[in-house]
Each structure stands twice: as structure tokens, then as C-alpha cells.
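Please look through the sequence and the model shown here before reading on.

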Amino acid sequence: MLEAYLNGLAWDFAQNNKAFDALSKRKQKIIIDQGHTNLRDKILKYPDIVTGRHLWDDSSNTVQAFLEILKPFRDSLVHPSPFSAPEKFGGYDKLKNFYRINFITAHLGVKVTADLIVEIHQHVTKSESGHPVWMDEIMKFLEDTISESDDS
């Protein structure tokens, strides 16, 4: 979901914004993503390129939570394999991660992904609140599950 959102943001910017033409060739290549822009770079660079304003770096708690905790689970689902991820990508056991996913992991994934999208959305729209309208059900799910855990 996060990568689809970022790809849509980049596509919209490239198609509908004259500022795209003024970007350096390097930044245009990052936005056009011809299969070479990794998810980490999309998270860190797309918001800055699209708005011309810095949003965050990899020391942001939300970005760290996604990249360090959740991305290995995401990668294990999106790129399943009985082989471990290469050392340069962390060397984790993809199959083990695949089978370790449970409600808590999935809920954390939804929460952190939603937090990232909301922060990017607010940065792009120059708003201090709100989220993309298509996230209404996700936000309601998160509110409901948080209030259920508070009741416990």
C-alpha cells in the first residue's frame, strides 16, 4: 500500500506538475522509477522532491519502525523465497518471517504504514491534519482496535 501510494504521488507529480521538468536528471530518474528506485529511497526522497521541502530522514521513528522492523516482513511476503535475503539486505530468513506474521505484526504494519502515508499526505498538502479519503476505513479500523485494546 505504501509503495503504491508513493508511486501514485510520483506519477501525479511527473504528469501534472511543471516543476518536474525543472528537476535535475537524477531526481527525474528517481521519480520516474524505471525499476531502480528502492522502497527506502521512495520513502525518504519522494516527499522532498515532490514538495521541494524536507520531510524526514531515516532517523525518524516511524521511518525506522518501517524500515527496520516491518520491511523484512513486507519483503518476505512480496518476494517470497525459501532462501535467506542476501547479507546486503539484512540476511534474514524470509521463510521464517513469512510464517511468523500474526495479527500483532499485521496490525503494526497497518499502523506504521498508515502513519507514514498520513505524514506524507500532510506534508504534500501542507495540512496539519487529515489523510487521503481512501484511507477512511483503515483509520476507522485502527481507531476501533486501539479502543478495544484500551478497554482490555
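A65 touches L70 and V112, leaving aside residues up to four places away in sequence, where a contact means heavy atoms within 4.5 Å. A65 has its place in helix α5, and its C-alpha atom is separated by 22 Å from that of K140, 75 residues apart along the chain. This is a predicted model, in which local features need pLDDT of at least 70 and side-chain atom pairs count only at pLDDT 80 or more, whereas totals for chains, interfaces and linings use all residues. Residues are numbered from 1 along each chain as its sequence is written, and side-chain values use heavy atoms, with hydrogens and water left out.

The chain contains 8 helices and 0 strands, both taken as DSSP runs numbered from the N terminus, with helices being H or I of at least four residues and strands being E of at least two. Along its principal axes, the C-alpha trace spans about 50 × 40 × 25 Å. Of the 152 residues in the chain, 39% are buried; buried means under 20% relative accessible area, exposed means over 50%, and partly exposed lies in between, with a 1.4 Å probe and protein chains only. Among the contacts in the chain with a separation of 6 or more, 52% are accounted for by residues 24 or more positions apart. The accessible surface of the chain comes to about 9600 Å², of which 54% belongs to carbon and sulfur atoms, the areas being computed by the Shrake-Rupley method with a 1.4 Å probe and, for residues, with only the protein chains shown counting as cover.

Which residues have the most contacts inside the largest nonpolar core? They are L2, I31, I43 and F66, in a core of 31 residues, where a nonpolar core is a set of buried Ala, Val, Leu, Ile, Met, Phe, Trp, Tyr and Cys residues joined through side-chain atoms within 4.5 Å. The elements that give two or more residues to this core are α1, α3 (25-32), α4 (39-51), α5, α7 and α8. Not counting residues up to four places away in sequence, L2 touches I43, F66, T113, L116, I117 and I120. I49, which lies in helix α4, is buried with a relative accessible area of 10% and, with the same exclusion of residues up to four places away, touches F13, L23, K27, I30 and I31. I49 and Q28 are 21 residues apart in sequence, and their C-alpha atoms are 9.1 Å apart in space.

A pair of aromatic rings is described by the distance of the centres and the angle of the planes. A search of the whole structure finds 3 aromatic pairs, counted when ring centres of Phe, Tyr and Trp (its six-membered ring) lie within 6.5 Å, with planes under 30 degrees apart called stacked, over 60 edge-to-face and the rest tilted. The rings of Y5 and W134 have centres 6.0 Å apart and planes at 50°, so this pair is tilted. Because Y5 lies in helix α1 (residues 2-16) and W134 in the loop between α7 (103-125) and α8 (136-151), the pair ties together parts that are 129 residues apart in sequence. Y5 is buried at a relative accessible area of 13%, whereas W134 is partly exposed at 45%. F98 and Y99 form an edge-to-face pair, 5.5 Å centre to centre with 80° between the planes; F98 is partly exposed at 36%, and Y99 is exposed at 64%.

F98 and Y99 also belong, with L77, V78 and L95, to a nonpolar surface patch of about 500 Å². Patches are made of residues with over 30% relative accessible area and no salt bridge, like charges being joined within 9 Å and nonpolar side chains (Val, Leu, Ile, Met, Phe, Trp, Tyr) within 5 Å. Helix α6 gives the largest share of this patch, 3 residues.

Side chains of opposite charge can pair when their charged atoms come close. The count comes to 10 salt bridges, each being a side-chain nitrogen of Lys or Arg within 4 Å of a carboxyl oxygen of Asp or Glu. R40 forms one with D58, the closest N and O atoms being 2.2 Å apart, and this pair links R40 in helix α4 to D58 in the loop between α4 and α5, 18 residues apart. D144 and K140 meet in a salt bridge at 3.0 Å, N to O, and both lie in helix α8, 4 residues apart, about one turn of the helix. Salt bridges that share partners join E3, D33, K42, K71, R74 and D75 into one network.
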